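Visitor: I am new to this structure. Could you take me through the terms used for it?

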Amino acid sequence: MKFTEEHEWLREEDGEMVVGITIHAAEQLGDVVFVELPEEGTVVSKDDEVVVIESVKAASDILAPVDGEITEVNSALADNPSLVNEDPQGDAWFFKMKISDPSQLDEFMDEAGYQKFIG
Amino acid sequence: MDDLKHTALFDLHVELGARMVPFAGYAMPVQYPLGVMKEHQHTRDAAGLFDVSHMGQVILSGASWDAVARAFEALVPMDVLGLEDGRQRYGFFTNDAGGIEDDLMFARRGADLFVVVNAACKDADIARMKAALEPDVTVTPLTDRALIAVQGPAAAGVIAAMDSRAGNMAFMDVRDLNLDGVPVWASRSGYTGEDGFEISLPEDQAEALTRTLLAQDGVAAIGLGARDSLRLEAGLCLYGHDIDAGTTPVEGALTWAIQKLRRAGGDRAGGFPGADIVLGQMTDGATRKRVGLLPEGRAPMREGTEVFDAAEGGTLVGQVTSGGFGPTVGTPVAMGYVDAGSAKIGTSLWGEVRGKRLPLTVAKLPFVAANFKR
């Protein structure tokens, strides 16, 4: 698993990257009440806003971590947004993407690096 | 956070693991480890304890109750004179344009009037009262008292177990109680839509009594986050958001708080700032009104969301002033102002969220029925 400074995680699965937010990010957000997912097939660039996530406190954007195409979204989150709080690094993945440039992954942290990053 | 004021319970909040945020110049707990959603539900199911010591507490005293009450009636459109000893009312200060300068609670304590005002407005409120009322009435801010609220269906049992006199207090009654050896001023009121008490007490005894209350079955510390979602579901206004100096009591749907004898034709009609405008609107209506807004989907519509009368094109008819997720309702809830022509309950409107028009319905307030001790 790789981690971004935007508190996202990426896990490789069958040649695609599965993307979600970290346990730390979910704790900071508080109780999640709404998740808006992108359309499957959307072509995105790194840092595009692809997911809107609303907690009881505020709305936040989830950015595309790398360039690529959204191949699948986790529609379970639309019906059950609280899954983000229950299992952020497991069942509550947001989307899968086919990535354009694997070298963009190089800058990301491993788990130990991320733990150090969040202090 | 360094220049923020602390309430007497600051150290306790930190010890309890609260996330502290700046609010009206104070460092206040927005949530505890339980989290906003569970804190909200706990208050509806059992009892929540809130620190509201940042609010302003002021005593007005004079030659007699009549003198104090009549003087205060020059600032608010309420029947103050008719308030019985040991009773409390909701009210607001108005300005010359009929706008609301602050909303408040006032209670009669013998010949004195005890006024509780919002933290963000308290300096201006005290200055306003001093300018208008002194020297005949003495305005004394109580800077050495804390204020806590215990709210929820379990609140009455907890407080009455400590002082049985609490048990037969009705909604908006005010009594001197003794809670675990601490002399307090308690009112049966709150800001959650639940039964409960607001308790003014000496600051130096606040932490000890709060610890005792939190040790009772069913009582948990609740932060400002849940306080906001509780009051929104209860349809209660947040000053500076749902009402302000530019909104009148008629626009704000608060005319229920203006007793008959201060209205046109009443024995003491008018005589408060902006009376001509407020009473005129009570007769002729206002061009906009505060209403409940119930989004149909799952997307919360937050403060500032623009409201239209069509899914595409159409006219801008209003704006959300408070909005979020209602944990008890289980869906997003909001309130805001809409043009009079769109204010009827059941009217279909659209809120624009991130460029998309999403359907909502003008809804009856409150969203969650009040559970007061009548």
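Guide: Buried means under 20% relative accessible area. Keep in mind that this is a predicted model.

Visitor: What makes helix H7 of chain B mostly covered?

Guide: Helix H7 of chain B spans residues 224–233, and nine of its 10 residues are buried. Among them are Leu224(B), Gly225(B), Arg227(B) and Glu233(B). Each buried residue falls under the 20% cut-off, so the helix is called mostly covered.

Visitor: Which parts of chain B do the buried residues of H7(B) pack against?

Guide: The partners include strand E1 (19–23), helix H2 (36–45) and strand E17 (331–339) of chain B. After H7(B) comes Gly235(B), with a positive phi near 75°.

Visitor: Why is the pair Lys356(B) and Glu36(A) called a salt bridge?

Guide: The term asks for a side-chain nitrogen of Lys or Arg within 4 Å of a carboxyl oxygen of Asp or Glu. Lys356(B) and Glu36(A) meet at 3.5 Å, N to O, so the pair qualifies. Between chain A and chain B the count is three salt bridges.

Visitor: How many residues does each chain bring to the contact?

Guide: Chain A brings 16 residues and chain B brings 13 residues. Together the two chains bury about 1300 Å², 47% of it on carbon and sulfur atoms. Val33(A), Val56(A) and Lys57(A) supply 37% of the area that chain A buries against chain B, more than any other three residues.

Visitor: How many residue pairs are in polar contact between chain A and chain B?

Guide: The count is eight residue pairs, both residues being at pLDDT 80 or more. On the side of chain A that touches chain B, eight residues are nonpolar, two polar and six charged.

Definitions and conventions. Residues are numbered from 1 along each chain as its sequence is written. Chains are lettered from A and ligands numbered from 1 in the order in which they are written. This is a predicted model: local features need pLDDT of at least 70, side-chain atom pairs count only at pLDDT 80 or more; totals for chains, interfaces and linings use all residues. Side-chain values use heavy atoms; hydrogens and water are left out. Contact means heavy atoms within 4.5 Å. Buried area is the accessible area (1.4 Å probe) that two parts lose on being put together, summed over both. A polar contact is a pair of N or O atoms within 3.5 Å; within protein, one must be able to donate a hydrogen and the other to accept it, and residues adjacent in sequence count only if both atoms are side-chain atoms. Ala, Val, Leu, Ile, Met, Phe, Trp, Tyr, Cys and Pro count as nonpolar, Asp, Glu, Lys and Arg as charged, and the others, Gly among them, as polar. Buried means under 20% relative accessible area, exposed over 50%, partly exposed in between (1.4 Å probe, protein chains only). Helices (H or I, at least four residues) and strands (E, at least two) are DSSP runs, numbered from the N terminus.
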